[in-house]
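This briefing concerns aromatic rings and the charged groups placed over them. Please have the sequence and the 3D structure at hand.

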Amino acid sequence: SYEQLAGLSNSVVMIKVYDEENTILCGGSGVVIHSSGYILTNLHVVAGGHYYSVLYENETEEHFTDKLIKYHQLYDLAIIRVDKNCSPLTIKTDDHLVRGQKVVAIGSPLGLFNSISDGIVSGFREINGIPMIQFTAPISSGSSGGALLDMYGRLVGLITAGFDKGQNLNLAVPSEKIYPFAENFIEHTN
């Protein structure tokens, strides 16, 4: 149910990016992929940052880090790490998505922490040679790095972008690109 999927927002974080003068450059979202504090996000969210703050759901304390562990420029993926334990999301690695399949997006659009929206997979696109999931769940600036989940609560994509000139024309990096990038940092729970 949507209510159960909303409970997974504990594993989605809000990220603020700071420069050397302690000024906030931008904000975005991230997904916990390992209980030891490894967080997957978009490179465009954290690039150029001197350090980052991470806020978890139902907490007021921000967790600060300067640990950018790994990134992939072409796929717009990055992993940061904070000293905090939290339950990770499961990354979908089996069967493929299909057009029309229901999905749920969790992120922090315009700083509205862990907003949840629903939609469907509307297509599969290649943008600059990179495969992407196109989906209709509404997102806004700040949703980047957030979770695109299937109805089983598995991460099927990392929210990356939307087209400002259209409505609900949004893109996510698919899990089949995320998994090989982040495999060494993904917690495998069975």
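Are Tyr38 and Phe185 buried or exposed? Tyr38 is buried, as is Phe185, where buried means under 20% relative accessible area, exposed over 50% and partly exposed in between, with a 1.4 Å probe and protein chains only. The model is predicted: local features need pLDDT of at least 70, side-chain atom pairs count only at pLDDT 80 or more, and totals for chains, interfaces and linings use all residues. Residues are numbered from 1 along each chain as its sequence is written, and side-chain values use heavy atoms, with hydrogens and water left out.

**Aromatic pairs**

- The whole structure contains four aromatic pairs; rings of Phe, Tyr and Trp (its six-membered ring) pair if their centres lie within 6.5 Å, and planes under 30 degrees apart count as stacked, over 60 as edge-to-face and the rest as tilted.
- Tyr38 and Phe185 make a tilted pair, with 5.1 Å centre to centre and 50° between the planes.
- Because Tyr38 belongs to strand β3 (residues 38-41) and Phe185 to the segment after α3 (175-182), this pair ties together parts 147 residues apart in sequence; helices (H or I, at least four residues) and strands (E, at least two) are DSSP runs, numbered from the N terminus.

**The cluster**

- Tyr18, Tyr51 and Phe64 are linked into a cluster by ring pairs.
- Tyr51 has 18% relative accessibility and therefore counts as buried.

**Charges over rings**

- The charged end of Arg81 sits over the ring of Tyr38, 4.9 Å from its centre; the criterion is NZ of Lys or CZ of Arg within 6 Å of the ring centre and within 35 degrees of the ring normal.
- Lys84 lies over the face of Tyr56, 5.1 Å from the ring centre.
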